[in-house]
Amino acid sequence: MRNHEATKDTKRNKHKTVIFVAFIILVLFPPVLFAEENIEKKGIPVVAQTNNEEGAWTGIDVSIVGKYAEKYGRPPRDPYINTDQGDLLLFVFTVAGVVGGFIMGFNVRKIFYEKE
Amino acid sequence: MTRAVTVFAIIFFLLFISSENAVYAMHITEGILPPKWVITWFAVAMPFVGIGIYHVKRKKRQMPVYLPLVGTLGAAVFVFSCFPIPVIALNGMATSHPCGTGMSAVLLGPFVSVLVAAIALLIQALFLAHGGLTTLGGNIFSMGILGSFSGYFAFKIAQRCRLSLFWCGFLAGMVSDLFTYLGTSIELGLLVIGKGGSFIKATAEIFGVFMMTSQGVLCIVEGIVVGFILVFVYKRKPGILLHLGLVKDDTKPVQI
């Protein structure tokens, strides 16, 4: 009886995980994959709004790694999936932070605060 | 309990405000490495990732809490390594990020830490425009392999020297950060080979610039964070450190 209930619980948990992953994929993938294509199709002028421009609080990836790579003849180029467009990067960073924070919080609670 | 909640609240607040100015640091961006180095770094990194998978499978049978620990530290490495921290250094205002692999290497073992770093770097390359797919092997080498193994050995050496748990963690975090950036400097320095430049000179120059700008300050911050995390784990659940072999015997008081 107990085994049966445990199997049911495991199945329910698996379903929850599948739904959660499907939700993340639904939310995350379409904007990432189609953002650039849609802009091109609609002919909307793309505003050069990347964070790669050097200025105050520039990441050292740009100010050091990029600079030396350029000096040695290997300048960086855009990533294959370029999310660094307008607020899209803000969106993916926020989603990543929320998902990462959720996983950390869930497991910290499980390890350190739940009774064995 | 309240202190732990406050610490987590501060971390998430910093994460939230920093996400508006997403920037990058040690990651080598797409297109920087030529094909021969892309293949070389992948060939170097993959065996470590494979051994990491084997270690996870083996250890999860020995220790029930191991998988949740991998989940926690995996998420932590992911968040740490794309978490730009503003630093005011010699070149003015800059941002850089910690690596988190020192902490994961101590708590999970160096091979599993390489696996965790590889997964974090892959997700960042795919969705966060952070690093790159062709440079993934190189980034795994610097942050995963060099960061994890240097942090792990620094912790073990500090333990041999009978330092307190906090200082062992501090050294692990600091050394892993330094070695990660040394790895990045080596990978960039190798680009001068065949172009008439000196590899050692180029590596030393890039590493020096990293240290003088933001990383010199940040490696100390990372050391402090790792030290406090180990003390937190010891105070909250010393059994975990005992299981992992980080504390020899929990009846002996550990000097914190």
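## How to read the model

Residues are numbered from 1 along each chain as its sequence is written, while chains are lettered from A, and ligands numbered from 1, in the order in which they are written. Because this is a predicted model, local features need pLDDT of at least 70 and side-chain atom pairs count only at pLDDT 80 or more, whereas totals for chains, interfaces and linings use all residues.

## Confidence in chain A

Let's start with pLDDT, the predictor's confidence in each residue, from 0 to 100. Chain A has an average pLDDT of 73, and 67% of the residues score at least 70. Helices (H or I, at least four residues) and strands (E, at least two) are DSSP runs, numbered from the N terminus. Within chain A, helix 3 has the highest confidence, at 89, and helix 1 the lowest, at a mean of 64.

Where pLDDT is low, the predicted coordinates should not be read in detail.

## Where the chains meet

Two residues are in contact if their C-beta atoms, placed from the backbone, lie within 7 Å. Chain A gives 45 residues to the contact between the chains, and chain B gives 52 residues. On the side of chain A that touches chain B, the elements giving two or more residues are helix 1 (2-42), strand 1 (58-59), helix 2 (60-71) and helix 3 (88-113) of chain A. Helix 3 of chain A supplies the largest share of that side, 16 residues.

What kinds of residue make up the side of chain A that touches chain B? They divide into 26 nonpolar (Ala, Val, Leu, Ile, Met, Phe, Trp, Tyr, Cys and Pro), 13 polar (the others, Gly among them) and 6 charged (Asp, Glu, Lys and Arg).

## The inside of chain B

Chain B has 9 helices and 2 strands. From the N terminus on, its elements run α-α-α-β-β-α-α-α-α-α-α. A residue is buried if 20 or more other C-beta atoms lie within 10 Å of its own, exposed if 12 or fewer, and partly exposed in between, with C-beta atoms placed from the backbone. Of the 256 residues of chain B, 54% are buried.

Helix 4 (residues 101-108) of chain B is largely enclosed by the rest of the structure, because 8 of its 8 residues are buried. Its cover includes helix 3 (66-80), helix 5 (110-127), helix 6 (136-160), helix 7 (165-189) and helix 8 (199-236) of chain B. Just after helix 4 of chain B, G109(B) has a positive phi of about 100 degrees.

## Core, bend and surface

A nonpolar core is a set of buried Ala, Val, Leu, Ile, Met, Phe, Trp, Tyr and Cys residues joined through C-beta atoms within 7 Å. The largest one has 89 residues, and A117(B) is among those with the most contacts inside it. Beyond its neighbours within four places in sequence, A117(B) touches residues including V77(B), T101(B) and I140(B).

Helix 8 of chain B has a kink of about 70 degrees centred on S214(B), where the bend is the angle between axes fitted to the seven residues ending there and the seven starting there. S198(B), in the loop between helix 7 and helix 8 of chain B, is exposed because it has 12 C-beta neighbours inside 10 Å. In chain A, E70(A) lies in helix 2 and is also exposed, with 12 other C-beta atoms within 10 Å.
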